[in-house]
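Please look over the sequence and the model first.

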Amino acid sequence: MTARYEVDLDTRLNAIRDAFDEVCGAALVLDPDLHVVLGTKRAEALLGFPIVTGELAPKLLCGESVKRPVAEALVAGRPVSAYIPRPGPGGELHMLHIRSLPLAVSSSGPRTGWLLLLEDAHDAGGDGPVLFHGMWTQDAAMKLVFRVLVRIADGDDTVLVRGETGAGKELIANALHALSRRSKGPLRVINCAALPPNLLESELFGHIRGAFTGAVRDTPGHMQLADGGTLFLDEVAELPLELQAKLLRVLETRTVIPVGGREPIPIDVRIVSATHRALRKEVEGGRFRADLMYRLRVIPVYLPPLRARRGDIRLLTEKLIESANAQGRRRVDHVAPATWQFLEAHDWPGNIRELRNVLAYAYAIGEGPILAPSDLPAELVDRGFSFDGQTSSVAEVPVLSSEPTLSVEAQRIVHVLERTAGNRERAAKILGLSRVTLWRRMRDLGLLK
Ligand SMILES: Nc1ncnc2c1ncn2[C@@H]1O[C@H](COP(=O)(O)OP(=O)(O)OP(=O)(O)O)[C@@H](O)[C@H]1O
Ligand SMILES: [Mg+2]
């Protein structure tokens, strides 16, 4: 009896799998604890190995590190659309696009699991937003950067990341390290602009005992400490010329000689460097060695600034609001249309870091579920909005402590009215309110004279 039932169950499961295969393509069904309940044949074909029921999906998809986008999102209970790298049948890396859908019997009921839809990244349409090692984008140039990273991750070629401040250069270096076979080794970061030359030299290359006053013992530098891993040389264009010569030697010989030492020490390090400057211009100006530039930028990676990927402004704002809401200080459910206009018109010289700061500011000074234009710092609002040709100073931001007796909302209204020279129609527009509502709020707050 039992045997017949098992056969039936197998047959039935196969039928369900086939149906899933037909409807969903490559897909996995997970239980709420992220164990695989069912995997389709196409998912097995795509992953290149059999899917074992009961296995933990993050481990199956993302390897041992749970700190990968899909795993992170699912553990936190959020749906996600992300690219993850996977070794292909020939050992080469290829990108897998994963979308997750939470499963629940009713919208308010408990989650019963997840449906993961898998696609080869090449077939994945390519228009929607993706999350790649902590970086959100929907921009085609950024997606290309991600694909390049996946392709080069496992080699030892040097990588030079160029991008403006706050554009994500450090995240790129982190991603490269995490994707590489060096990910179990160390990732060391050194900022070449932050230290005076002699200190930088000893930090980078190490020193031996007695090399200088205070050198009481042999001390390895970042080069040695990064052995078996990755060394991220931030602001590499600021490296003084004499240290450039020394770095070139390291790259050519794959050995390092500590300050005051003689014996070269072999090292196995991948060098990733970053700069906001055009290194070629530095070479032309005689500030950077051409031979070192060629050594450092075997693979150049250019990160476009935020203003060159306008679609990302909205996407990143939404994602940053999601995570700020989760921190619980204020809950923003809606961004006023005028706020979007200001955010999208801004040039973002500080890129994503500036956007983060602007939102932190908005959360600190604003209140309520609507992100109003008056929550934004002055430099954003002044750019996108004309106060009859009057320009106010960038430094002029709402100072809440000036009127300690007024509520935050009242202070905000007063501030905006001051900046619009008392024009209530324009003030209402900046505040994202109708004129009548503004009048009513002013009346209730005792601001009508
Ligand atoms: N695509 C992205 N999605 C989400 N967050 C991002 C993205 N790019 C950058 N960030 C965030 O923006 C901030 C700045 O990024 P990062 O430190 O990598 O920039 P950077 O180019 O190294 O800047 P700097 O030149 O000033 O050192 C960080 O908080 C980072 O987490
Ligand atoms: Mg940086």
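The notes below cover an open sheet, one of its strands and the surroundings of a ligand.

This is a predicted model, in which local features need pLDDT of at least 70, side-chain atom pairs count only at pLDDT 80 or more, and totals for chains, interfaces and linings use all residues. Residues are numbered from 1 along each chain as its sequence is written, while chains are lettered from A and ligands numbered from 1 in the order in which they are written.

**The sheet**
- An open sheet of 5 strands runs in the order β9-β10-β13-β8-β14, with parallel pairing; strands (E, at least two residues) and helices (H or I, at least four) are DSSP runs numbered from the N terminus, and two strands pair if DSSP finds at least two bridges between them.
- β9 (187-191) and β14 (299-302) are the edge strands with a single partner each, so one side of each has no neighbour in the sheet.

**Strand β13**
- β10 (residues 230-234) pairs with β13 (residues 270-275) in the parallel sense over 4 bridges, and Leu-231 stands opposite Ile-271.
- β8 (residues 159-162) runs parallel to β13 and is joined to it by 4 bridges, with Arg-162 and Thr-275 as bridge partners.
- In β13, 6 of 6 residues are buried (20 or more other C-beta atoms within 10 Å of their own, with C-beta atoms placed from the backbone).
- Arg-270, Val-272 and Ala-274 cover one face of β13, and Ile-271, Ser-273 and Thr-275 lie on the other.

**Ligand 1**
- 16 residues surround ligand 1, the closest being Met-135, Thr-165, Gly-168, Lys-169 and Glu-170; a residue counts if its C-beta atom, placed from the backbone, lies within 6 Å.
- β7 (135-137), α6 (169-179) and α14 (351-365) each give two or more residues to this shell.

How values were computed: A residue is buried if 20 or more other C-beta atoms lie within 10 Å of its own, exposed if 12 or fewer, and partly exposed in between; C-beta atoms are placed from the backbone.
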